Amino acid sequence: MGNDLDKRVVVIGAGIVGASLAYHLARKGAKVTVVEADGVAAGVTGTSFAWINATHGEADPIAPLRGAAIAEYRHLETQLPGLKVRWTGALSYRASSTEALPGSGNPASKNGVSRSQIIDLEPNLKHPPESASYAADEGALDAVQATHALIAGAQAHGAKVLTHTRVLGFAHQDAAVIGVNTSIGIIEADIVVLAAGTGITKLTEMLEVPLPIEASPAIFIRYQSPGNLVQTLISNSEMEVRQSSDGALLAAEDYVDDTVENQPAAIARRTAKAIQNELHGVADLAPEVACVGYRPIPADGVPIIGFLPKIAGVYVCAMHPGVTLAAIVGRLASEEILEGKQSRALEPCRPHRFFQA
């Protein structure tokens, strides 16, 4: 597509991915309208552990994207003072072993650290291992606050944000989408961007170009806790925890099933015991939040980013980890949409792979 920076772009979804896209598009001069069925960051963004990392334990087709994610957030912080990342570093190891977790960090960012260095990094650990991997350049953010900062940045560049506005369908002309039919009327568009997380499945079904995106559950827990318990982000076989800027202790756990013993509240209690076993200074942990968030994960595990085949005017951004990739994908996708500048890093992510004969 040719260079056309003043396109009318409708972004569907106001989570961190949609917010990043809206910000980058508006900053380049596009006439952006964000349409969101609920409120800003009301979906999985609000239940994200929000670890910004380059971690992946297997062959990774999107390694260049992960590798660029941290630097892109550093750059974004200079543009948006309201977006604040806690660059604490991440410490990864097996809780009952001397081995670092496989795949923790990446060769460019991780360093092996000794037991004495681990104690310096995390003095409250009861059972510091003999060694661990430490990625000093990694961090985490308040995903809700960051999304609001991105939305505010988009609005400062002229974007309109319509919350509590449902998408009912799409306006077509020949084989192209020319607008979005919403609960408040039709919004005309040159390009429509689908960034609605797990809701993208329904949107692409409306377009009769369905994409296989799974709603993958994960458990997010927020505890009331004493301050200064955790200095880095700790990831081991017993717990994945970090401390937020307001002192709350945040934890991420795998979803097991929907039985009573594996409900979020029950898992929060078990996780609290694990944290108490691992850390000094934790007499009691009271969960403020324990909930399931549904991450949008394409069927093959690789993000779906690019223009939809079979119908013109629709660009898709469906991915996990959404928080990690939001900043870099927001910039690269905006360049593709407005400038026709194709990104090699996004090539493994193209939607057409699901429509090949």
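Some ground rules. This is a predicted model: local features need pLDDT of at least 70, side-chain atom pairs count only at pLDDT 80 or more, and totals for chains, interfaces and linings use all residues. Residues are numbered from 1 along each chain as its sequence is written, and side-chain values use heavy atoms, with hydrogens and water left out.

Salt bridges, then. Side chains of opposite charge can pair when their charged atoms come close. The cut-off here is a side-chain nitrogen of Lys or Arg within 4 Å of a carboxyl oxygen of Asp or Glu. How many salt bridges does that rule give? The count is 13.

Take Arg66 and Asp60. Their closest N and O atoms lie 2.6 Å apart. Buried or exposed? Both residues are buried. Buried means under 20% relative accessible area, exposed means over 50%, and partly exposed is in between, with a 1.4 Å probe and protein chains only.

Next, Glu130 and Arg115. This salt bridge has an N to O distance of 3.8 Å. The pair links distant parts of the chain, 15 residues apart. Arg115 sits in helix H3 (115-121), and Glu130 in the loop between H3 and strand S7 (131-135). Helices here are DSSP runs of H or I, at least four residues; strands are runs of E, at least two; both are numbered from the N terminus. Glu130 has 49% relative accessibility, so it counts as partly exposed. Arg115 is partly exposed too, because its relative accessible area is 35%.

Lys341 is partly exposed, at 47%. Glu335 is buried, at 9%.

Now strand S2, residues 31-35. S2 is mostly covered, with 4 of its 5 residues buried. Which strands does S2 pair with? Pairing needs at least two DSSP bridges between the strands. One partner is S1, residues 8-12, which runs parallel to S2 over 5 bridges. In that pairing, Arg8 stands opposite Lys31. Another partner is S9, residues 160-162, also parallel, with 3 bridges.

One last point on S2. S1, helix H1 (residues 16-27) and S2 form a right-handed β-α-β unit. Right-handed means that, with the strands pointing away from the viewer, the path from the first strand over the helix to the second runs clockwise.
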